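Subject: Structure handover

Hello,

Here is the structure I promised to pass on. Please open it alongside this email and follow along.

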Amino acid sequence: MSDLNATRPVQFNSEKISYEEFRQVLIDDYKLAVQSRIVSLLGRKEVLTGKAKFGIFGDGKELAQIALSKVFKPGDWRSGYYRDQTLAFALGISSIYHFFSQLYSNPDLSADTSSGGRQMVAHFSTKLLDEDGEWLDQTAQVNSFSDVSTTGGQMARILGLGLASKLYRNNPGLSHSEKFTKDGQEVIFCTIGNASTSEGVFWETVNAAGVKQIPVVISIWDDGYGISVPNEIQTTKGDISNVLRGFQEDESGQGYQIFKVKGWDYAGLCEVYEKAAEYAREHCKPCLVHVYEMTQPQGHSSSGSHERYKSPERLTWETDFDCNDRMREWMLSSGIADEEELKQIESEAKDFVRQEQKRAWSDYKKTLQVDLTEAIELLQGINHHAVEIPLKTLLSITEPSLKEVYVNVRRVIRELRGVEVAGKEELLAWYKKSQELNSFRFNDKLYSSTQHSPLKVEEIPANYDADAAIVDGREVLNACFRANFDKDARLLAFGEDVGKIGDVNQGFAGLQEEFGEQRIFDTGIRETAIIGKGIGLAVRGFRPIAEIQYLDYLIYAFPVLSDDLASLSYRTKGQQKAPLIVRTRGHRLEGIWHSGSPMSVLLGGLRGVHICVPRNMTQAAGMYNTLLKGDEPALVIECLNGYRLKEKMPANIGDFTVPIGKAELLREGSDITVVSYGSTLRIVQEAALELDKVGISIEIIDAQCLQPFDREAISAKSLEKTNRLLVVDEDFPGGASAFITHEILEKQGGYYFLDAKPRTLTAKAHRPPYGSDGDYFTKPAVDDVVETAYQIMSESNPKKYPPLF
């Protein structure tokens with residue numbers, strides 16, 4: 001492990017740069033460091049005065065980030081965190097104006113270019129898509145994956161970002177690569193705070209990156225604390241690079257190059273990053289840079305003061321070893337600049353930052369002022385006492401907010417209910433129009449919603465030859481994957497046991513031998529890393545299928561699924577997308593730890609991901625075909641007990657499509673509408689035969705997708721005929737069944753067709769015990785469906801259907 005501690009001359013090639021050029025580089029670097037520090041100081045004040053909601057800044061990290069910026073090349077990637085403002089300024093990912101615009105949560109994307117007001121300050125991203133959702137040329141810019149606030153959340157995706165470079169390098173003929181790579185030379189630069197290295201995602205990712213030997217440079221900014229908790233409590237031995245020594249590259253060439261350098265040592269930082277970046281780029285291997293002896297002059301965030309938990313001695317040390325001050329002293333002592341010159345730089349920097357802050361605040365207020373002015377003009381045109389107080393309130397506002405504008409407008413609208421007065425209709429029309437504007441500002445782009453959306457893929461029915469083979473369901477899936485891999489070189493599949501044995505249920509059996517280990521491969525038991533790998537690969541032009549072996553295991557990857565993948569399109573306002581398909585299996589699996597149906601958890605946490613629940617493998621294959629033609633992330637949950645059930649092999653196995661969000665009427669009936677999905681659907685179908693014997697006719701609808709659910713509202717249309725509703729699934733009571741009921745009764749208007757209380761039939765609140773008996777007494781069985789449907793009919797006509805119990 002290389003440990004560079006002492007300040008030394010900066011290593012520039014004297015044949016390529018003159019002394020004056022060298023001096024100017026240092027002057028510019030110091031100017032940027034000073035500007036960034038002033039941004040942090042002023043930003044905190046803006047929060048404390050109430051002009052911004054919350055602030056988190058990168059003070060104390062300036063020199064390391066400037067040194068890091070020097071080794072970036074077009075096409076490289078940043079996957080960082082919310083202390084990287086100096087790096088973002090240096091690379092042009094953000095500017096001081098954009099930074100303050102984000103601090104004020106300006107919803108104008110031209111002001112907050114990273115998120116359009118949707119992310120808190122210091123969450124940076126670059127635009128990867130044009131207005132039509134087409135990929136921009138990633139090789140022509142420095143790329144920044146959209147930041148997340150989750151501690152360590154930036155780690156997992158670096159696996160896919162880096163693996164993409166390796167795959168492009170090893171497969172130079174890939175036809176789709178033009179916008180994504182220059183011969184696979186791109187390096188991924190990841191930054192993380194020292195306290196976040198305590199997170200499991202850090203260790204999972206570091207291990208996986210070492211196994212795959214991907215070109216990533218991981219920088220650990222170590223200021224000694226995680227909020228108030230010191231390293232001694234965070235990390236064994238209090239030193240993360242000492243703990244990581246086992247990852248150091250060995251004689252066989254496996255492992256990391258690990259560097260350690262002080263955060264106030266400008267020359268050492270420049271030298272380390274030059275070495276690390278060159279090594280990662282040339283050898284396509286991982287490096288780790290532990291930057292220690294950093295400071296955090298203002299503490300963790302604007303929420304409190306670090307004087308509460310740092311000793312006087314530590315505070316004195318932080319003053320003495322402030323990186324900006326140490327660089328200033330070095331420049332003076334080495335004769336690179338004199339006192340007068342540096343004071344002028346500092347004065348100009350302060351003026352410039354203040355100017356940009358005022359410009360950002362002014363533009364933010366202009367955005368709000370449009371709504372405020374229009375609202376005031378409309379209210380002034382209404383002669384009614386209900387307008388008086390709201391109008392005075394808006395006229396007296398000194399620091400406007402959209403919330404204040406619309407609170408008062410809506411108050412007037414409520415007060416004028418049933419009142420005919422001049423100007424009211426104009427106000428209502430303006431309010432309705434403003435709802436569309438505010439939806440654009442705050443609510444759109446949960447999905448990419450481009451012309452490539454899977455919801456717009458043409459429906460192509462499955463065709464069958466007269467002598468179509470009857471095969472196991474797994475063989476249908478296998479043929480579907482083979483057809484798609486054969487026609488699209490972008491496709492990759494990976495997960496536990498996916499490669500050599502073709503997954504535990506043989507969906508990929510034999511395909512690794514056919515398409516190679518670089519396209520279909522095994523991973524370790526690390527669910528977070530599997531999903532992160534998929535996200536990074538998807539952003540860099542591949543079409544990955546990431547397999548999580550069982551649905552229950554998805555929980556282990558949930559933070560990266562929910563915080564990163566699901567929110568990516570929304571939090572970048574459609575500027576980034578990751579069309580990852582997550583494949584798993586569940587339902588009817590027995591046992592507490594493999595019960596397989598936490599659907600409400602997925603519905604709540606994966607807003608932004610399509611959730612597909614096919615009833616058999618043919619439907620699953622059609623959904624995969626559809627999703628691979630689209631550009632949005634999805635989760636496909638196959639029925640665990642369906643792989644060996646017999647199905648006909650479609651003739652157009654790689655081409656037919658099943659629409660996403662389209663429910664299907666499987667059986668017509670007249671008495672009760674029964675909505676279900678997945679394996680429970682077969683239970684309902686069996687129950688229908690029993691109910692026929694007692695004169696009860698149920699209409700069966702397969703939801704097929706839960707997100708989106710039944711876009712054509714066939715459930716409500718069925719309910720209009722039967723007037724009774726039963727929803728059956730395996731989730732816990734009040735879970736996915738409640739979601740489905742809400743969709744049908746409230747969103748589709750099915751409530752108006754009810755002649756009986758709607759019912760849900762779910763699993764018990766506890767998880768299923770092991771064994772078939774436990775399954776029978778825990779999850780809906782045929783008997784449960786029959787008796788529940790019978791009870792619904794008995795309640796409405798007890799003479800015809802006398803109570804069973």
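First, one term: a helix axis here is a line fitted to C-alpha atoms over the stretch in contact, and angles run from 0 to 180 degrees between N-to-C directions. Keep in mind that this is a predicted model.

**Helix H1 and its two partners**

Start with helix H1 (residues 19–48) and helix H11 (residues 323–333). They pack at an angle of about 150 degrees. Their axes are 10 Å apart. Angles over 145 degrees count as roughly antiparallel, so H1 and H11 are roughly antiparallel to each other. H1 passes H11 in a left-handed crossing.

Which residues meet there? From H1 come Leu26, Ile27, Asp29, Tyr30, Ala33, Val34 and Arg37. From H11 come Cys323, Asn324, Met327, Arg328, Trp330 and Met331. By class, this contact of H1 with H11 has 9 nonpolar, 1 polar and 3 charged residues.

An α-helix has 3.6 residues a turn, so residues three or four places apart point the same way.

H1 also packs on helix H12 (339–380). Here the angle is about 45 degrees, and the axes are 9 Å apart. That makes H1 oblique to H12. The crossing of H1 and H12 is right-handed. On the H1 side, the contact includes Arg23, Ile27, Tyr30, Val34, Ile38 and Leu42. On the H12 side, it includes Leu342, Ile345, Ala349, Phe352 and Val353. The contact of H1 with H12 counts 11 nonpolar, 2 polar and 7 charged residues.

Ile27, Tyr30 and Val34 of H1 touch H11. Ile27, Tyr30 and Val34 also belong to the contact with H12.

**Helix H4**

Now look at helix H4 (residues 96–103). Is it mostly covered or mostly open? Mostly covered: 7 of its 8 residues are buried. They are Ile96, Tyr97, Phe99, Phe100, Ser101, Gln102 and Leu103. These buried residues pack against H1, helix H3 (85–91) and H12. Just after H4, Ser105 takes a positive phi of about 55 degrees.

**Gly263**

Where does Gly263 lie? Gly263 is in the loop between strand S8 (257–262) and helix H9 (266–283). Its relative accessibility is 3%, so Gly263 counts as buried. Leave aside its neighbours within four places in sequence. Gly263 then contacts Leu63, Leu269, Val291, Tyr292, Glu293, Met294 and Cys323. Cys323 is also one of the H11 residues that meet H1.

Gly263 and Gln707 are 444 residues apart in sequence. In space they are 47 Å apart, C-alpha to C-alpha.

**Strand S5**

Strand S5 (residues 216–221) is mostly covered, with 6 of its 6 residues buried. In a regular strand the side chains alternate between the two faces of the sheet. In S5 both faces are covered. Val216, Ile218 and Ile220 are buried on one side. Val217, Ser219 and Trp221 are buried on the other.

S5 pairs with strand S4 (residues 188–193) in the parallel sense, over 6 bridges. Ser219 in S5 is the bridge partner of Thr191.

**Two open sheets**

Strands of a sheet pair through backbone hydrogen bonds, either parallel or antiparallel.

Strand S15 (residues 610–612) and S21 run antiparallel and are joined by 2 bridges. Cys612 stands opposite Cys705 in S21.

The other has 5 strands, in the order S18-S20-S19-S22-S23, again with mixed pairing. Strand S18 (664–667) and strand S23 (759–761) are its edges, each pairing on one side only. Neighbouring strands of this sheet are turned by 25 degrees against each other on average, direction ignored. S18 pairs with strand S20 (residues 698–702) in the antiparallel sense, over 3 bridges. Glu664 stands opposite Asp702 in S20.

Finally, find helix H25 (residues 736–747). H25 lies across strand S19 (672–676), strand S22 (725–728) and S23. H25 runs at about 145 degrees to S22.

Best wishes

Technical notes. Residues numbered from 1 in each chain as written. Predicted model: local features only at pLDDT ≥ 70, side-chain atom pairs only at ≥ 80, totals over all residues. Heavy atoms only, no water. Helix = DSSP H or I, 4+ residues; strand = E, 2+ residues; numbered from the N terminus. Parallel < 35°, antiparallel > 145°, perpendicular 65-115°, else oblique. Left-handed = near helix turned anticlockwise from the far one by under 90°. Contact = heavy atoms within 4.5 Å. Nonpolar A, V, L, I, M, F, W, Y, C, P; charged D, E, K, R; others polar. Buried < 20%, exposed > 50% of the residue type's maximum accessible area, 1.4 Å probe, protein only. Pairing = 2+ DSSP bridges.
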